[in-house]
Amino acid sequence: MSEEKKDRKVVIELQDVKRDFKVGDETVHALRGVSFKIYEGEFVTIMGTSGSGKSTLLNQLGCLDTPTSGEYILDGVPVRRMKRSERAVLRNRKIGFVFQNYNLLPKTTAVENVELPLMYNTKYSAKQRRAAAIKALEAVGLGNRLDHKSNQMSGGQMQRVAIARALVNEPAVLLADEATGNLDTRTSFEMLVLFQRLHREGHTIIFVTHNPDIAQYSSRNIMLRDGKIREDVENTNIRDAAAALAELPAPQDD
Amino acid sequence: MSFANLIRVAVKAILNNKIRTLLSMLGIIIGVAAVIIMMAIGQGSKMSIRKELSKMGTNLLSIRPGADTRGGVRLDPSAMQTLKVADYESIKEEATLAKYVSPEVTSSGQVIYGAKNTMTTIYGEATEYMDIKLWVVEQGDCFTEEDIKKSAKVCVVGKTIVEELFGDKDYNCVGKIIRFKSIPFRVVGILKSKGYNNWGMDQDNVMIAPYTTVMKRIAAQTYFSGINVSAVTEEKSDACIEELTAILRKSHKLKEENENDFTIHSQQEMMETMSTTMDTITIILVVAAAFSLLVAGIGIMNIMLVSVTERTKEIGLRMSVGARGRDISRQFLIEAVIISLSGGFLGVMLGYLGSYGASKIGLPSSVPLWSVILSFTVCALIGLLFGYIPARKAARMDPIEAIRYE
Ligand SMILES: Nc1ncnc2c1ncn2[C@@H]1O[C@H](COP(=O)(O)OP(=O)(O)O)[C@@H](O)[C@H]1O
Ligand SMILES: [Mg+2]
């Protein structure tokens, strides 16, 4: 562990986290004892083949699920013994989720979609909510698409709205599950450019993917296999996604 | 989530699916409209019956032969022949609280003029009957005491008879001879029209003649079918009943232990009986309509359950960005309440329209305010009650499974 890292804040700490699923008489061990710390400002990719436990792990990190055993401490708060409603509040204040299939509300404008998490935080007035949503949309480069409805946008734009929605509550950590999984190569790189920029601006990002190429653009790579960590390495040679995007063949006009 | 936000979200969801919402409201709309119209007609009829009865004079008392039959005892026919001319005369002489008195003998039959005829009822009365029932003689005059003494074959007729027999209700038939059950009567007066009463009876289809004439020449009986009395004032009605009872008991030579062989009803009492009857009918109708509201509530629940399933992904998303179970359940509860309240609102509108329509076709109808308030309360309750199960279903979803739902 590098010297520089030690005095940085720990955002996420997993202590021997296990998660079993009962399927009939069988028990599926989706996570078989996972431990790691993630520090503020890291951009971590979690990789592994299908069924290796990536989504299960991310659900733990996102407080959507609780470990069968072990402890999970998010931003100093132990999560395992929390009630359902307490975890909901925790998600609302500390987590930003980006899903593979965007999950925007249909027939709803970009701003309204981004406002959604703040609707569940009574500290925000309608005005503050809108202002925060506009700011988040500007941060992902959609300042000119505020009132577009979800069905009037391309996949890349929808994913940007989803990222803005994940950022709007100023979360401790941004969690993305296969966030580029539904996008073409070019748009995927655009998304990586955006994530790298957010990383530079100080955001902590955990990016789950089954695509090993993406690992080159993050600061740390965790490799899962069979519910266990096989590899956890710092990436000292981070590739610049913007440069990679520029090298891609020019987009075809149709 | 704050209440304002909950409402905002619910309204948006409702507007996103207008046709479905309207369909699920339909039951409520019809149910509420039915309740409102039923209550309006019930209330309206009651009010107009009251008005009509009090127009006849709230100090009206009616003496009928026979003991009080409300106990349900069947009487032999002679018990119905207890009111005689002597009774009438005693009342006229002795009753100080009776302003007007008129004995009554009636008979129904055909009245003929030339080739035309019609069915009617002839009322044998004293001249004071005009004052008791507030009849106005429009043309000619009422028969006189002299006519009564001589059992003269004279009569006053209602407008319907004039129209039926002479082809024109404004025809002046004073002086004409008409025949009732082949007895010739000279028309001496024509009554001002009273129109139909609440039971749909044509009050103008009457002939009024001296009671002596009807008793001797038509009914051939020595007893009355009743005696109508006007008490001096409404307040004195009860005292007047006591006085009349005493007079009749004396005149019938009843002993202490004998029951009355006559019954005296006041208009007041009749009004109350009418009201209770109307209330019962109204309650039955309203209960029937209320059941349709129950069915409507089940309809809302059904649609809400479908809606919850359809929006599983949305529910998962909301939960993953921080909605608690109770935020989700409130969202769906409020949606159900808004649907049922809007349905209630449209139903009240429709009810008003229906009530207006009913009064246009002659049914007395007036929407009581409390029925509107009741409808809204019931609708809110229906929304809460039938929204509860779908809301709970939504709130109990697992966010991970919900967000993966396709
Ligand atoms: N809710 C569940 N019930 C039963 N088994 C599950 C459940 N969720 C995940 N699993 C199992 O746990 C293992 C890891 O799954 P997952 O975390 O989805 O993998 P990945 O996202 O890496 O493809 C798989 O064997 C999967 O079948
Ligand atoms: Mg997965």
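Trainee: Which backbone contact does A:Gly51 make with ligand 1?

Mentor: A polar contact here is a pair of N or O atoms within 3.5 Å; within protein, one must be able to donate a hydrogen and the other to accept it, and residues adjacent in sequence count only if both atoms are side-chain atoms. In this predicted model, a backbone N or O atom of A:Gly51 sits 2.7 Å from an oxygen atom of ligand 1. A:Gly53 has a backbone N or O atom 3.1 Å from a ligand 1 oxygen, and for A:Ser52 the distance is 3.3 Å. Ligand 1 exposes 560 Å² when taken alone, and the protein buries 66% of that (Shrake-Rupley method, 1.4 Å probe; for residues, only the protein chains shown count as cover).

Trainee: Before we go on, what are the ground rules?

Mentor: Residues count from 1 along each chain as its sequence is written, while chains are lettered from A and ligands numbered from 1 in the order written. The model is predicted, with local features needing pLDDT of at least 70, side-chain atom pairs counting only at pLDDT 80 or more, and totals for chains, interfaces and linings using all residues; side-chain values use heavy atoms, leaving out hydrogens and water.

Trainee: Which element supplies the largest share of the shell around ligand 1?

Mentor: A residue is near a molecule or strand if one of its heavy atoms lies within 4 Å of it. Helices (H or I, at least four residues) and strands (E, at least two) are DSSP runs, numbered from the N terminus. H2(A) gives the largest share, three residues. Strand S1 (10-23), strand S2 (26-39) and helix H2 (54-61) of chain A each supply at least two.

Trainee: How do I read a sheet, say the one with S6?

Mentor: Two strands pair if DSSP finds at least two bridges between them. Six strands of chain A make an open sheet, ordered S6-S7-S8-S3-S9-S10, with mixed pairing. Strands S6 (95-98) and S10 (228-234) of chain A are at the edges with a single partner strand each, so one side of each has no neighbour in the sheet. S9 (residues 220-225) and S10 of chain A run antiparallel, joined by six bridges; A:Arg220 has A:Glu234 as its bridge partner in S10(A).

Trainee: What is the order of the four-strand sheet?

Mentor: That open sheet goes S2-S1-S4-S5 in chain A, with antiparallel pairing. Its edge strands are S2 and S5 (77-78) of chain A. A:Leu74 stands opposite A:Val77 in S5(A).
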